[in-house]
Amino acid sequence: MTKKQKDPIDLTHKERVKERLDRGLPITSLDGFTRLGIVHIPSVIRDLKGEGYPIQTIPTKVKNRYGKTCYIHVWRKKPEEKKGQIDFIGGLSNG
């Protein structure tokens, strides 16, 4: 661990979430609880979005333990848009 890096135990909830998202990893509520030690991760996601951190919410269909289909949220960092990038329709985005 370098001097710039904090010990994971010293990170705030927001810092833990940002660190994981910055590495390109997705987060679910289960990840938040088991890997990051955050009981209610939607609150942390809401706060980060409110501060302007680019997070996208992806509703994902899964089967629960009873075989029923339900949805969970998967959070990822939004990819950065670049000026002049071609969008999926074939036009230019962001002029």
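**Helix α1 and its surroundings**

The buried residues of α1 pack against α2 (29-34), α3 (41-50), β1 (55-63) and β2 (69-77). Here buried means under 20% relative accessible area, exposed over 50%, and partly exposed in between (1.4 Å probe, protein chains only); contact means heavy atoms within 4.5 Å. Helices (H or I, at least four residues) and strands (E, at least two) are DSSP runs, numbered from the N terminus.

This is a predicted model, in which local features need pLDDT of at least 70 and side-chain atom pairs count only at pLDDT 80 or more, while totals for chains, interfaces and linings use all residues. Residues are numbered from 1 along each chain as its sequence is written, and side-chain values use heavy atoms, with hydrogens and water left out.

Helix α1 spans residues 13-22, and its buried residues are R16, V17, R20 and L21. These residues lie on the same side of α1, because they cover an arc of only 125 degrees around the axis, the arc being that of the directions from the helix axis to the C-beta atoms.

D22 and K77 meet in a salt bridge (2.9 Å, N to O), that is, a side-chain nitrogen of Lys or Arg within 4 Å of a carboxyl oxygen of Asp or Glu. Since D22 lies in helix α1 and K77 in strand β2, the pair ties together parts 55 residues apart in sequence. D22 is partly exposed at 47% relative accessible area, and K77 is partly exposed at 32%.

E19 forms a salt bridge with R23, the closest N and O atoms being 2.9 Å apart. R23 is exposed at 52% relative accessibility, whereas E19 is partly exposed at 35%. Just after α1, G24 takes a positive phi of about 85 degrees.
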